[in-house]
Amino acid sequence: MSLPRCALLWARLPAGRGVGPRAAPCSALRVLVGSFPGASGHVPCLAASSSASGGSKAPNTSLFVPLTVKPQGPSADGDVGAELTRPLDKNEVKKILDKFYKRQEIQKLSADYGLDARLFHQAFISFRNYILQSHALDVDVHIVLNDICFSAAHVDDLFPFFLRHAKQIFPVLECKDDLRKISDLRIPPNWYPEARAIRRKIIFHSGPTNSGKTYHAIQRYLSAASGVYCGPLKLLAHEIFEKSNAAGVPCDLVTGEELLTVEPEGKQATHVSCTVEMCSVATPYEVAVIDEIQMIRDPGRGWAWTRALLGLCAQEVHLCGESAAIDLVTELLYTTGEEVEVQKYERLTPISVLDRALESLDNLQPGDCIVCFSKNDIYSVSRQIEIRGLESAVIYGSLPPGTKLAQARKFNDPNDPCKILVATDAIGMGLNLSIRRIIFYSLIKPTINEKGEKELEPITTSQALQIAGRAGRFSSHFKQGEVTTMHRDDLALLKEILNRPVDPIQAAGLHPTADQIEMFAYHLPETTLSNLIDIFVDFAQVDGQYFVCNMDDFKFSAELIQHIPLSLRVRYVFCTAPINKKLPFVCSSLLQFARQYSRNEPLTFAWLRRYIKWPLLPPKNIKDLVDLEAAHDVLDLYLWLSYRFVDMFPDSSLVRSLQKELDVIIQEGVHSITKLIKVSESHKLLNLEGLPSGSQSGATKSPSRRTRSTKSAENKAAEPPSPSDKELPLASRLVQQGLLTADMLKQLQKEWLTQQAEHSKEKVGTRRKKKDPNAD
C-alpha cells in the first residue's frame with residue numbers, strides 16, 4: 001500500500017481516535033498505524049477512558065437507538081473511486097463484508113470501542129446495506145475494498161470505516177465520557193452556590209400529625225422580616241397565604257398554576273407561600289419553612305424537596321416532618337457543613353385503635369370517616385350509606401381544590417345533616433377536618449415504585465399514621481381520636497402496621513435539569529427527548545444518599561408530542577407539565593396545546609371555550625362527573641403553561657374565572673353524588689361491588705384480604721382441578737369458596753322453585769288457549 005494512500009486512509013479515521021493497543025491481531029491495521037509518520041498507535045480506547053474517569057458501570061446499550069444512514073445516491077462528480085480503480089463487483093464485496101463480520105479480532109476490537117455484540121451486529125447490518133446499496137462510495141472506502149479484492153490489503157483494513165459508520169448510527173459512542181460528566185449527580189450541594197455562600201441555621205420540627213410542629217415553624221415564619229413557605233399541595237400553600245395576610249403579614253402566592261401578589265403594582269411581598277416545586281433558590285430570605293420534608297423520598301416528586309433543602313437562601317431553614325427523615329437530612333447537610341437542630345413534639349390529643357372492626361355500615365356514627373383507596377370503593381360506600389338514609393361528604397384526589405374545601409366545610413358544619421365522610425388518603429394532608437373515627441375500608445393501596453412499576457401492597461406505617469392521625473385533631477370538635485377497619489380480618493394487620501417502627505428514609509430524589517438535558521442533546525442531536533432521558537438516567541452517577549426520580553410521566557409526554565416541531569427547551573417544559581395520563585382528554589389537550597404553540601398560534605380564551613365545548617352542563621351520571629373533572633384538569637394545564645409562556649397562553653385571568661364556574665358545577669355534582677351513582681348503576685355505566693347490607697360481613701371478603709390472596713388464587717387457577725372439585729355441584733363449590741352462604745343458597749332455591757311453578761302455570765294456560773279458539 002503506497003504512503004499517499006495510507007495517509008489518505010489515516011486522515012479518514014474517526015477524529016481523535018487511533019486503533020488502540022488491542023489492534024495487535026490485525027496486521028494490516030498495525031502496518032497502517034506504523035506507516036504514518038508520528039503515529040504511535042497507543043491512543044487509549046473509549047472504554048478505557050470511561051473507566052478511568054470514575055469507574056462507572058457499563059452503559060445499558062439496549063437504550064441506544066440506531067439512527068438511519070441513507071446510502072449515497074448518484075453523485076454529480078460521478079463515481080470517483082471507480083475512475084481511479086475499477087467498478088466494484090457487489091458479489092465480491094458481499095463476501096469481503098461477511099468475512100469481516102466473522103473475524104473474532106474485529107469483534108474484540110469493536111468491543112474496546114463500546115460496541116457489544118448487539119451494537120456490533122446492528123452496526124454491521126447498517127454498514128453492509130450502506131456499502132451494497134450506495135451508487136457511489138467515498139473514494140477511500142472504494143479504494144480499500146478494491147485493494148482487498150486484489151489481495152493488496154487485508155479485510156481488517158475496513159475497520160476504521162466501519163467504526164466511523166458505527167459512530168454515525170450510534171453517536172453516543174463518540175461522546176460517552178462527555179455524557180458521563182454531564183450526568184454526574186454525585187455532589188448536589190455544589191449546584192447551589194448562593195446557599196453555600198451563607199451559613200444557614202437548620203431546625204427540624206419532628207413529630208406525628210397533630211403535634212403542633214408546623215404551627216411552631218409558621219409562627220417563626222410570620223415573625224421574620226422575610227420568609228418563604230414551601231408546601232406539598234396547593235391547598236396548604238393557599239392556607240398559609242390566607243393565614244399570613246390575615247395576620248397582617250403581606251404574603252404572595254405562587255403555585256404551578258397561579259401567581260397572586262398583594263402589594264400594589266405587583267411589587268413582590270416580603271413573604272411568599274408556594275408549592276415546593278415553585279420555590280426560588282436565588283431569592284434571599286430570613287426564614288424558610290419546608291413542610292412534609294419526609295416527601296424527599298417520594299419516587300416522583302422527591303427532587304423538589306431535595307432542591308429546597310440544599311438550595312434555599314435563608315438564614316434559618318425550618319423543616320417539618322416525620323422523625324424518619326432526621327438521619328438522612330443530617331447526613332445530607334453534613335456535606336454542606338451545616339448542623340441540624342432537632343425539636344421533637346408529641347401529639348396534642350390522644351388516639352386509640354379500637355378492638356372491634358366496624359363490620360357493617362349500620363354501625364356508622366357522626367364524625368366517622370371511611371378511607372378508601374379507589375374511586376370504585378368510594379362510589380360503592382357512598383351508595384350504601386345513602387341507602388341507609390344517611391348523608392355523606394366525598395373527597396378524593398382528582399376533585400378540584402374548591403370542591404374539596406366545600407365538601408370539608410359541609411362535613412365540618414355542625415348544623416349540616418352530613419355527618420359521615422368518605423375519602424381517599426387525599427385527606428392525609430392539606431385539609432382541616434373534624435373527624436372522630438377513621439375507618440380503613442381497605443389496607444391495600446396501589447403504588448408506583450422507583451422503577452415505575454405498579455404494586456399492590458399494604459399501606460406503610462408512615463401512610464397509616466398520617467391517615468389515622470386525622471382523627472381527633474386539636475382544632476376539631478373531637479378531642480380524642482379512634483381508628484379501626486371496616487373488616488374484621490384487617491384489624492390485626494392494622495394494629496401490626498401501626499406498631500411497627502417507621503423505617504428511616506434512605507435516599508433523597510434528584511431530577512435532571514433542562515440545562516443538563518440540553519447539553520445531552522448537543523452531543524446527541526438526532527435522539528428523541530424520551531430516549532435522551534433514558535440514556536441520562538442510565539449514565540447518571542449518584543451517591544448512595546440520592547436516587548434519580550421516576551421519569552415515566554415525563555417520558556410519556558415526550559413520546560406524545562415527539563412528532564411536533566418544538567425547540568428542546570420548550571419541549572422540556574411541556575413534558576414537565578403535570579397531567580393525569582389516565583385521562584385521554586387531558587393527554588389529547590397537551591398534544592393540541594403543543595401543536596398550537598408550534599404553529600405560533602396563541603391559545604385564546606375564545607379558542608379554549610370552543611375546545612372544551614363550554615358551557616358545560618351539570619353531570620347526570622358518574623361519567624359526566626369524570627368528564628367535568630378532566631375539563632377542570634385541562635384548564636389547570638392551560639394555567640400552568642400560561643405561567644411559563646405568557647405570550648402564547650395570554651388569557652389566564654379569564655380562564656381562572658371560567659375554572660371557578662366549572663368548580664361550582666362540579667361541587668353541585670359531588671353534592672348529589674349518590675344520585676349520580678344510582679343513575680349510573682341503572683344505566684349500567686358503573687359496575688360496583690356491593691357491601692353487605694346487613695350486620696353480617698361474611699358474605700363479602702375484606703378487599704385487602706382478597707388482594708393479598710390473589711397470588712395464591714392465581715397459582716390454584718394454574719393447577720388442574722382435582723377430581724373431587726369437578727364432581728362437586730356448582731352450588732356446593734360456590735359455598736366452599738365463600739361466594740354463597742347457606743342462607744343465600746336456600747333463598748335462591750325458594751325463588752327458583754317459585755319461578756318454575758309460575759312457568760308451569762303459564763304453559764298450562766297457553767295449551768288451553770290453543771285448544772279453545774274462543775278462549776279470548
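Where is K613 found? K613 sits in the loop between α25 and α26. Notes on the model follow.

1. Basis. This is a predicted model: local features need pLDDT of at least 70, side-chain atom pairs count only at pLDDT 80 or more, and totals for chains, interfaces and linings use all residues. Residues are numbered from 1 along each chain as its sequence is written, and side-chain values use heavy atoms, with hydrogens and water left out. Helices (H or I, at least four residues) and strands (E, at least two) are DSSP runs, numbered from the N terminus.

2. K613 has a phi near 60°, positive in a residue other than glycine. K613 is exposed, at 65% relative accessible area. The cut-offs are under 20% for buried, over 50% for exposed, and partly exposed in between (1.4 Å probe, protein chains only). P615 is in the loop between α25 (605-612) and α26 (622-642). The peptide bond from W614 to P615 is cis, with omega near 5°.

3. E359 is not a glycine, yet its phi is about 70°. E359 lies between β9 (351-353) and β10 (368-371), in a loop. Is E359 buried or exposed? E359 counts as buried, at 13% relative accessibility.

4. Helix packing. α16 (residues 375-387) and α28 (residues 673-682) pack at about 105°, with axes 9 Å apart. That makes the two helices, α16 and α28, roughly perpendicular. Angles of 65 to 115 degrees count as such; under 35 is roughly parallel, over 145 roughly antiparallel, and the rest oblique. Axes are lines fitted to C-alpha atoms over the stretch in contact, and angles run from 0 to 180 degrees between N-to-C directions. Y379, S382, R383 and E386 of α16 meet I673, T674, I677, K678 and E681 of α28. Contact means heavy atoms within 4.5 Å.

5. Aromatic pairs. The structure holds 21 of them. Y101 and F124 form a tilted one, 4.6 Å centre to centre with 35° between the planes. Rings of Phe, Tyr and Trp (its six-membered ring) pair if their centres lie within 6.5 Å; planes under 30 degrees apart are stacked, over 60 edge-to-face, the rest tilted. Y101 lies in α5 (residues 90-102) and F124 in α7 (residues 117-133), so the pair ties together parts 23 residues apart in sequence. Y101 is partly exposed at 27%, while F124 is buried at 2%.

6. Charges over rings. R644 lies over the face of W640, at 3.6 Å from the ring centre. R180 lies over the face of F539, at 4.9 Å. The criterion is NZ of Lys or CZ of Arg within 6 Å of the ring centre and within 35 degrees of the ring normal.
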